[in-house]
Amino acid sequence: MSDEIAIKVENVSKTFRLPHEKNNSIKGAVLNFYKQKRTYEKQKALTDISFEVKKGEFFGIVGRNGSGKSTLLKMLAGIYSPSRGSIQVNGKLTPFIELGVGFNPELTGRENVFLNGALLGFNRKEMQAMYHDIVEFAELERFMDQKLKNYSSGMQVRLAFSIAIRANTDILLLDEVLAVGDERFQDKCIGVFEDLKNTDKTIILVSHDMNSLKRFCSRAAVIHDSKLEFIGDTLKATNKYVELNFPEAFLHSHVDGSDHKAITVKLGDGKFEKKIFLSGEKAVFDIKWTSNQQAKNIGIALFTESGQYVYGTNTIIDKTAVSDSAIRYSVDLKLGSGDYYAQIGVFGENDSQKIYFAERAASFKVTNQELWQGVTKLKHTWTV
């Protein structure tokens, strides 16, 4: 394997044998053991998967529950062995598949920090040196002498993640870690990820959050029904995921204001259509759709052309009732120069009820005639 490659997965398949007999007692287990013919059902979890992850790459894996994604994760972590094919890992890999594995509920938070640190390969002196930072990041200073069984699940997750990110490793395997904790703690996790992007570590992120994948990952793999359906550019990967799992939403979405029968989005200043705006200028999105389903929530998110998440909101957050099949969204584009696009979704009672979903509902350009730099302009003052 090349020194430039961190992980190489080659023609990997995994099949589980599920016994038909169910043993609900010791007696049943003994009787079934001596049966001459025991029957099994074969379940294919993964079929002929091949891909490579380069050193220093932030790589994403996405797939619905039951797609084989979790099985792939556990094989990368060395928990499962392939039924066929091979997996080569070039460097030390630390998996964060289930945060908090190894915690003892009868020990205090303090004792669990040192126990979990030992599982990650740190000695007591090293853990003492980083103890304060771990506790401060987890925001649990007042609770460290309490037994872990008295912690809420969110507190346990915060403590586990705070320890896990200290691991001295070449490859990090992270499973849905952005879904843990409250919104404030998730923001801190995102900050950690931003820092990791600037290191030479190889990061593999498994997530259902398309925005997180686009924000952090340079490439991504899509697993569907045990097979690798796509690997490559993250934006294309997220599009493929939507196409495979929400075909009705994907096929009825549209791009850049075409007169589709299902949904249209026209972008302008409220009077005329336009796609080039000055920084700070108001943009108006006129969204119309036709459906037998009653829309309850309209969401919109703005991204840079490279996929960086700029801003997102929806009618529920903004306490706006949806009573018709058309809505207008107006926004002041206090953005830096560059190319952007809007992602728009029309939903029913909840986010899982997608009526329409347009990955690139409208594209536009912003020009900035001032001298400030960045994605957005922040209100600020100077004091001497």
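Q: How many salt bridges does the structure hold?

A: This is a predicted model. A salt bridge here pairs a side-chain nitrogen of Lys or Arg with a carboxyl oxygen of Asp or Glu, within 4 Å. The structure holds twelve salt bridges.

Q: Which residue meets K149 in a salt bridge?

A: That residue is E106. The N to O distance between the two side chains is 3.4 Å. Now place the partners along the chain. E106 belongs to the loop between β5 (93–96) and α3 (109–119), and K149 to the loop between α4 (124–138) and α5 (153–164). The pair therefore ties together parts that are 43 residues apart in sequence.

Q: What are the relative accessible areas of E106 and K149?

A: E106 has 42%, which makes it partly exposed. K149 has 47% and is partly exposed too.

Q: Which residue forms a salt bridge with K188?

A: E139 does, and the closest N and O atoms are 3.1 Å apart. Here distant parts of the chain are linked: K188 is in helix α6 (residues 183–197), while E139 is in the loop between α4 and α5, 49 residues apart. K188 is partly exposed, at a relative accessible area of 23%. E139 is partly exposed as well, at 28%.

Q: Where do K214 and E359 lie in the chain?

A: Start with the contact. Their side chains meet in a salt bridge of 2.5 Å, N to O. K214 is part of helix α7 (residues 210–216) and E359 is part of strand β17 (residues 354–367), so this bridge ties together parts 145 residues apart in sequence.

Q: Are K214 and E359 buried or exposed?

A: Buried means under 20% relative accessible area. Both K214 and E359 are buried. Salt bridges can also share partners, and in that way E106, K147 and K149 are joined into one network.

Q: How many aromatic pairs are there?

A: The general idea comes in two parts. A pair of aromatic rings is described by how far apart the centres are and by the angle of the planes. In this structure the count comes to 13 aromatic pairs. One of them is F193 with F216: the centres are 5.3 Å apart, the planes are at 80°, and the pair is edge-to-face. F193 sits in helix α6 and F216 in helix α7, so the pair ties together parts 23 residues apart in sequence. F193 and F216 are both buried.

Q: What is the angle between the planes of F277 and F364?

A: The angle is 90°, with 6.2 Å from centre to centre, and the pair is edge-to-face. F277 lies in strand β11 (residues 276–278) and F364 in strand β17, so parts 87 residues apart in sequence are tied together. Both residues, F277 and F364, are buried. Ring pairs also link F277, F285, Y329, Y340 and F364 into a cluster.

Q: Which ring does the charged end of K188 sit over?

A: The charged end of K188 sits over the ring of F137, 4.7 Å from the ring centre. K214 gives another case: its charged end sits over the ring of F303, 4.4 Å from that ring's centre.

Q: Which residues of β3 are on each side?

A: In a regular strand, side chains alternate between the two faces of the sheet. In β3, F58, G60 and V62 are on one side, with F59 and I61 on the other. These residues are all buried, and both faces of β3 are covered. Five of the five residues of strand β3 (residues 58–62) are buried, so the strand is largely enclosed by the rest of the structure.

Q: In which sense do β3 and β7 pair, parallel or antiparallel?

A: They pair in the parallel sense, over four bridges, with strand β7 covering residues 202–206. F59 stands opposite I204 in β7. β3 also runs parallel to strand β8 (residues 219–224), again joined by four bridges. In β8, R219 is opposite F59.

Q: Where is the kink in α4 centred?

A: The kink is centred on M130 and is about 50°. Now check the length. At 1.5 Å a residue, the 15 residues of α4 should span 21 Å, and the end C-alpha atoms are 20 Å apart, which agrees.

Q: Which residues of α4 are buried?

A: An α-helix has 3.6 residues a turn, so residues three or four places apart point the same way. In α4 the buried residues are M127, M130, Y131, I134, V135, F137 and A138.

Notes: Residues numbered from 1 in each chain as written. Predicted model: local features only at pLDDT ≥ 70, side-chain atom pairs only at ≥ 80, totals over all residues. Heavy atoms only, no water. Helix = DSSP H or I, 4+ residues; strand = E, 2+ residues; numbered from the N terminus. Buried < 20%, exposed > 50% of the residue type's maximum accessible area, 1.4 Å probe, protein only. Phe/Tyr/Trp six-rings, centres within 6.5 Å; stacked < 30°, edge-to-face > 60°. Lys NZ or Arg CZ within 6 Å of the ring centre and 35° of its normal. Pairing = 2+ DSSP bridges. Expected span 1.5 Å × (residues − 1). Bend = angle between axes of the 7 residues up to and from the residue.
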